[in-house]
Amino acid sequence: MSYPYQIKSLEQYHEVYKKSVTQPEAFWAEIAEYFLWKKKWDKVLDWNFKEPKIQWFRGATLNITENCLDRHLQENGNTTAIIFEPNNPSEKSISLSYKELHFRVMQFANVLKNNCVKKGDRVLIYMGMIPELAIAVLACARLGAVHSVVFGGFSAQSISDRLHDAKAEFIITCDGAFRGEKIIPLKNVIDDALVNCDFVKKVIVVERTQTPVSMLKQRDLWWHEEIKKVELQGNPFCEAEEMNAEDILFILYTSGSTGKPKGVVHTCAGYMVWANYTFVNVFQYQKNQVYFCTADVGWITGHSYILYGPLSAGATTLMFEGIPTFPDAGRFWDIVDKHQVNILYTAPTAIRSLMSFGLAPLRNKNLSSLKVLGTVGEPINEEAWHWYDKNIGKEKCPIVDTWWQTETGGIMISNLAGITPAKPSYATLPLPGVQPILVDETGNEIVGNNVSGNLCMKFPWPGMLRTTYGDHERCRQTYFSTYENLYFTGDGCLRDADGNYRITGRVDDVLNVSGHRIGTAEVENAINMHNGVVESAVVGYPHDIKGQGIYAYVIFSGGLNDADLMRKDILQTVTRIIGAIAKPDKIQFVSGLPKTRSGKIMRRILRKIAEGETENLGDTTTLLDPNVVGDIKNGKI
Ligand code: PRX
């Protein structure tokens, strides 16, 4: 497969960018010609940010799996689509060609059909990083069922919340997932989640870890047994459902500053074009290269840059089941060496964590296949950037620092590998079709360079979210109401003298822990579920490895005989309600929280104390009881 729309020089980037702004519809129509449509569009773009209403390629019909699978078969059917690298290096890796993947997706789509899954149904997927996960996702898309993948680290309560919100009647899971030395008992977690979800009709279970599970008659089915039934039926073919451009492809839940996580909705056509276009251009993918994104399919990075982006481009994408430090901190480098990886895309947290092991894990690892490196999910500090550049890229591989969000569907601001210049800790320039704007608190545009402000978008791009599932008003309020006629990202940003963008972090109450988004309100709600807790306040603080750590101030009722035991208990509560990823790094018991007379917690003060600041806490005179500040400072941990 060749990519006529791959940008090849800096001059071309500027030209293309200009066209994407001055003639957006003509620009995207031209790119869309390189995809497989069942019917072409009547109108490329129809939009307003007021409602918001965004429609790309209106009137077109397609199926994304025909673009990810069928269209590659003739010329590239034997090309490897997915390389699966298991958690344990002593287990054999598996390669699936496009032909094989196509076959297995159709086979499993037939399993879903046999179990009455049809277009528009929501299917919750809770699996480890095994090929069946990719197959499950694509099989849903084949039938037009809406997948909602939930990361394997989330708790039963979180799954139950998502099942209710999405009204999902089908689940695909595994008996368990291997994760380093641990086995995560996924099916057991699902069983706990289903205690109050009797609307769930079927649970299909992949056997992976041989973890004992209980299978409920009629509801729970083994994947391999269902596949056998399809084999006996004889006909392996499964027609790809004809989807409207704006039909929902998937829901992915993500945290915000208030309430429960919301279901970000992406639709078929725009998302496909965006995931593909950004993949091909940012990583400058070349035919037959091996591409390794270390994310989990449970996050948007896995959706767009393990599955849909690479597969729609006919690329070879590597799925890794394990963790960077098992069996040792050389695991990534072993994989690069073993599979001759050309492009490596990972998170700054992983880089910082591996940096802390020094250079020994790199010894005797041949990394010479690497051509392009990438980072995603959080700001990368210069030290980590230079370590990555020097020790992994050997100063020969361009590093792309890709800024984007679950809501944007794909990369928005990034250099293009080897084409546009990199600048450490800067995401640099917007991709074609992306029109960033910085505004002040009141929404006035901040013009010129060497300025900073809140990052917004003033024009739609094909991959943007369309709504939040079941609650369009929440979508409007969260993203389109802070500033009129703008999409607000929630990020602070600066623009340097050359127009390069540097994301400085969230300006709302959302934390970014190890590249994962966690709302402070969500963690507080979980802590408050503990029956000994009166009130809590959660803030972020700088963490050497995770980027941000979680600091919780907790008012406990009654006596605190054994603070450590209480802490453990609270951590367990958070793990039960949200999942281990939301566990606070520090819990400080306090007698009161700094509140204004109207009862609002002054987080600014708590944030400063958590950061280790003791002097310049700002104005505390409006506090109901200024004395609590001294107590909190004294008790800091
Ligand atoms: O704050 C930004 C940060 O991650 C947030 C989006 O998180 P999520 O929806 O979970 O998606 C993560 C993977 C795309 C953003 O609002 N972020 C993401 N990439 C970068 C970043 N911050 C700085 N630099 C980046 N490259």
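1. Ligand shell. Of the 16 residues around the ligand, those that come nearest are Asp401, Thr402, Thr406, Asp491 and Arg517; a residue is near a molecule or strand if one of its heavy atoms lies within 4 Å of it. The shell divides into 5 nonpolar, 6 polar and 5 charged residues. Here Ala, Val, Leu, Ile, Met, Phe, Trp, Tyr, Cys and Pro count as nonpolar, Asp, Glu, Lys and Arg as charged, and the others, Gly among them, as polar.

2. Basis of the note. This is a predicted model, in which local features need pLDDT of at least 70 and side-chain atom pairs count only at pLDDT 80 or more, while totals for chains, interfaces and linings use all residues. Residues are numbered from 1 along each chain as its sequence is written, and side-chain values use heavy atoms, with hydrogens and water left out.

3. Gly377 has a polar backbone atom 3.1 Å from a nitrogen atom of the ligand. Asp401 places a polar side-chain atom 2.8 Å from a ligand nitrogen atom. For Arg517, a polar side-chain atom lies 2.8 Å from an oxygen atom of the ligand. The ligand has 540 Å² of accessible area on its own, and the protein covers 96% of this; accessible areas come from the Shrake-Rupley method with a 1.4 Å probe, and for residues only the protein chains shown count as cover. Strand S20 (399-402) and S25 are the elements that give two or more residues to the shell. Helices (H or I, at least four residues) and strands (E, at least two) are DSSP runs, numbered from the N terminus.

4. The sheet with S25. S21-S22-S24-S25 is the order of 4 strands that form an open sheet with antiparallel pairing; two strands pair if DSSP finds at least two bridges between them. Its edge strands, each pairing on one side only, are S21 (436-439) and S25 (501-506). Neighbouring strands of this sheet are turned by 45 degrees against each other on average, direction ignored. For such angles, axes are lines fitted to C-alpha atoms, for helices over the stretch in contact, and angles run from 0 to 180 degrees between N-to-C directions. S21 pairs with strand S22 (residues 451-457) in the antiparallel sense over 4 bridges, and Pro436 stands opposite Met457 in S22.

5. The sheet with S20. A mixed open sheet has 7 strands in the order S5-S4-S17-S16-S18-S19-S20. Strand S5 (94-97) and S20 are its edge strands, and each pairs on one side only. From one strand to the next, the twist averages 20 degrees. Strand S4 (residues 80-85) and S17 run parallel and are joined by 4 bridges; Glu85 has Phe320 in S17 as its bridge partner.

6. The S1-S2 hairpin. Strand S1 (residues 43-48) pairs with strand S2 (residues 53-58) in the antiparallel sense over 5 bridges, and the two form a hairpin with 4 residues between them. Asp46 stands opposite Gln55 in S2, and Trp56 in S2 is the bridge partner of Leu45. The loop between S1 and S2 holds Pro52, which is joined to Glu51 by a cis peptide bond with omega about -10 degrees.

7. Aromatic pairs. The search of the whole structure finds 44 aromatic pairs. Rings of Phe, Tyr and Trp (its six-membered ring) pair if their centres lie within 6.5 Å; planes under 30 degrees apart count as stacked, over 60 as edge-to-face and the rest as tilted. Trp37 and Phe57 form a tilted pair, 5.6 Å centre to centre and with 45 degrees between the planes. This pair links distant parts of the chain, 20 residues apart: Trp37 is in the loop between helix H2 (24-32) and S1, and Phe57 is in strand S2.

8. Backbone points to check. Most residues other than glycine have a negative phi, and most peptide bonds are trans. The peptide bond from Phe326 to Pro327 is cis, with omega near -5 degrees; Pro327 is in the loop between strand S17 (316-320) and helix H11 (331-339). Gln284 is not a glycine, but has a positive phi of about 50 degrees. The loop between helix H9 (268-282) and strand S16 (290-293) contains Gln284.

Methods
Polar contact = N/O pair within 3.5 Å; in protein donor to acceptor, adjacent residues only side chain to side chain.
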